[in-house]
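Dear colleague,

I am handing over the structure below, together with some notes on what was found in it. Please read the notes with the structure open beside you.

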Amino acid sequence: MSAFAKYRHAFLVGLQSNIIYRWNFGIRALFSLFHLAFVFILWGAAYKGQTQIGGVDLNQTLPYFILLLVMQFFIGAFNEDYQISEEIRNGLINQFLLKPVNYYGYRFSIFLAARSVSGLLGLLPLLVALPLLKDHLVLPSEGWRLALGLPAMVMAGLIQFTIAYCFGLLSFWFLEIQSFIILSLAVETMLGGQMFPLDLMPGWFFRVSQFLPYYYQMYFPTAIFTGRLNQAQAFEGLALQAFWVAALLGLAHLLWTRGLRRHTAVGG
């Protein structure tokens, strides 16, 4: 069986298993509209009596949060770290040591399947709410934003998954990784622009965040699509984003090889 066929099969199996839980994804997407309503109320109050905050008006801020919600369903890592951790702790990882299957490739195929289901289901509530959102969902029309935003979105998904993958591999050394994941989620929420657009923060904070991988998970592709970055900034960001993809893949490989040595040593 070719490499492509193996991972295509893993993708299809993941697709079938995630379709079983389609109602879970659908309900989660439905409740995300309440979060979006809160965002509209909060930022509407923040802009009350003024046209701009940090040089950005309300019609640039609201599309950012709408698109950020879409990004979370299409490229966000929900529980991949816990799934990997469970396979290591329960010994299910052993089957991948005896077969010509790359574990990262297998898990990434499952991730793509899950995000395909959650992404499409996440769009449904937004389509229902589109009559209410259309006046606020005004995006720049430059063609280069789509040309640069799509690869940025793909690499953002790689970064998102690989960070979760690395945290899952920590189970080779630690019995419980929940504290690490909670800490990472808190940092990601702050430095990834999920609480507020990073360009509204002090200049030094924004510049420092650009050198960290969390910036490239959600904020960067969303900022390209919504016009918060110009073309030069987008090209610079793509180069740094590619660096972080390569660095995290290298870290994932290191953790995997070192973890297997420990795993086989402990397991005899």
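**The cavity and its lining**

Two helices, α2 (22–46) and α3 (58–75), each supply at least two residues of the lining of the largest cavity, and α3 gives the most, with 4 residues; helices here are DSSP runs (H or I) of at least four residues, numbered from the N terminus.

Please keep in mind that this is a predicted model, in which local features need pLDDT of at least 70 and side-chain atom pairs count only at pLDDT 80 or more, while totals for chains, interfaces and linings use all residues. Residues are numbered from 1 along each chain as its sequence is written, and side-chain values use heavy atoms, with hydrogens and water left out.

The search of the whole structure finds 1 cavity of 30 Å³ or more, and about 80 Å³ of space lies in the largest cavity. A cavity is a set of points on a 1 Å grid over the protein atoms alone where a 1.4 Å probe fits but cannot get out, and lining residues have an atom within 4 Å of a point; the volume is the space filled by probe spheres set on the points, which are joined across faces, edges and corners. The lining consists of His35, Leu36, Val39, Phe65, Leu68, Leu69, Gln72 and Gln194.

**Salt bridges**

There are 6 salt bridges in the whole structure, each defined as a side-chain nitrogen of Lys or Arg within 4 Å of a carboxyl oxygen of Asp or Glu. One of them joins glutamate 80 and arginine 115 (2.9 Å, N to O), and this pair links distant parts of the chain, with glutamate 80 in helix α4 (residues 80–89) and arginine 115 in helix α5 (residues 103–128), 35 residues apart. Both glutamate 80 and arginine 115 are buried, where buried means under 20% relative accessible area, exposed over 50% and partly exposed in between (1.4 Å probe, protein chains only).

Arginine 107 forms a salt bridge with glutamate 87, the closest N and O atoms being 3.1 Å apart, and this pair again links helix α5 to helix α4, the two residues lying 20 residues apart. Arginine 107 counts as buried at 3% relative accessibility, and glutamate 87 is buried at 12% relative accessible area.

**Helix α10**

In helix α10 (residues 219–226), 8 of the 8 residues are buried, so this helix is largely enclosed by the rest of the structure. Glycine 227, whose phi is positive, near 85 degrees, follows α10.

With best wishes

Conventions:
1 Å grid on protein atoms, 1.4 Å probe; cavity = no way out; pocket = protein on both sides within 12 Å on 5 of 7 lines; lining within 4 Å.
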